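Please view the model first.

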Amino acid sequence: MIYADNAATTPMSEAAINTMTTLIRETYGNPSSLYEFGQKAKEVLEQAREDTAALIGADAKEIIFTSGGSEADNQAIISAAKAGALKGKKHIISSKFEHHAVLHTLKKLENEGFEVTLLDVHENGIIDPSEVEAAIREDTCLVTIMYANNEIGTIQDIKGIGAVCRAKGVIFHTDAVQAIGHLKINVVEENIDMLSASAHKFHGPKGVGFLYARKGIRLANLIEGGAQEKGKRAGTENVPGIAAMVTALKEEVANIDKNTAHILPIRNKIIEGLKEIPHSALNGDEERRLPSNVNFCFEGIEGESLLLLLDDKGIAASSGSACTSGSLDPSHVLLAIGRVHDVAHGSLRLSLGEDVTEEEADYIIKAVKEVVEYLRGFSPVWRDLVAGKTQFIL
Ligand SMILES: *Cc1c(COP(=O)(O)O)cnc(C)c1O
């Protein structure tokens, strides 16, 4: 089996599994308890906070642990919106291709009277900071733009967007779930006010993440209860999960250069190989994309069948976002970069693991070529295209 769906989730690293199992066995105290068992857990928790902060150039006080990326996104956006509303600022800027954890939170706020501007991401999946600048108004309280897209892997000019927001005094949040551990991130140098992360996208456990919120930003209480996480997020902390997340993140950050050097040429080989398929197109900018990401559209086929046949050949891939598979709607990300419905349906995302090999790349290219040709062989859409009854788009 070749697991090529690392943007959906990653396997835990051995070191992270070790941290987690050791802590589950040995450090089961409640970090809010005053006796030794509790204090041990508290120490682990606070060390994890220090280490997490250090890995992104933040201060430990600026980190709150969450149940994952979705919660961090909700928390960040709702906090900034509430703070904005107090000052009469109810306008938020985001983009059309954000993760649903962001888009659905914004929809909810819209229903509550906020105004949301969703910026275009163009054909290459990139937003220019000047477009963010032009959209900022007197009543803008938040800009939220993802660091790297989960489907097409495009990487934004976060530092540039952050600078624009800083100059205008608007809070800047970025969903960095796909970027952290894979790209070098420093929240101070990149003018980031809030950042969301999720452990299971960088070889940590599922159900754990964190939100960085710069000193001075008031967070709203999403969950009422005890005084954990400075009262902003009640509930006994998942100490083993949090510590395992930090183990995984340290490992990933230490190996960014090495992993990139290994994966990039193999990824590029796959892209070049798949480009040879007639009437296909790479989605998203070729240069400014995550080193692990390949995303193609193939005309005249249907993504779901492609995935099932690849699964038969031992390749686990995706048509885009794990959250929308199972629905027949084409990806909102592919529509946002201007792919028409028919073309967007024939999409394939391969998100490679850091241990991918040349041989696996060769096998992937061969398998995709075979499956696309096979499916086109009995696709009525393809027959019409070839017969000239409908026009090729790609
Ligand atoms: C996976 C993902 C999320 C959601 O994270 P969870 O920890 O699964 O809640 C949010 N944003 C992006 C970009 C993601 O890829």
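By class, 6 nonpolar, 14 polar and 3 charged residues make up the lining of the largest cavity; Ala, Val, Leu, Ile, Met, Phe, Trp, Tyr, Cys and Pro count as nonpolar, Asp, Glu, Lys and Arg as charged, and the others, Gly among them, as polar. The model is predicted: local features need pLDDT of at least 70 and side-chain atom pairs 80 or more, while totals for chains, interfaces and linings use all residues. Residues are numbered from 1 along each chain as its sequence is written, and side-chain values use heavy atoms, without hydrogens and water.

**Largest cavity**
- The structure holds 2 cavities of 30 Å³ or more (sets of points on a 1 Å grid over the protein atoms alone where a 1.4 Å probe fits but cannot get out; lining residues have an atom within 4 Å of a point).
- The largest has a volume of about 240 Å³, volume being the space filled by probe spheres set on the points, which are joined across faces, edges and corners.
- Of its 23 lining residues, His-182, Ile-263, Ser-292, Leu-352 and Glu-354 lie nearest the centre.
- Domain 1 (14-254) and domain 2 (256-387) both give residues to the lining, so the largest cavity lies between them; the bounds come from an automatic or database domain assignment.

**Helix H9**
- Gly-303, Leu-306, Leu-307 and Leu-310 of H9 (residues 303-312) are buried (under 20% relative accessible area, 1.4 Å probe, protein chains only; exposed is over 50%, partly exposed in between); helices are DSSP runs of H or I, at least four residues, numbered from the N terminus.
- On the other side of H9, Leu-308 and Asp-312 are exposed.
- Gly-314, which follows H9, has a positive phi near 85°.

How values were computed
1 Å grid on protein atoms, 1.4 Å probe; cavity = no way out; pocket = protein on both sides within 12 Å on 5 of 7 lines; lining within 4 Å. Helix = DSSP H or I, 4+ residues; strand = E, 2+ residues; numbered from the N terminus.
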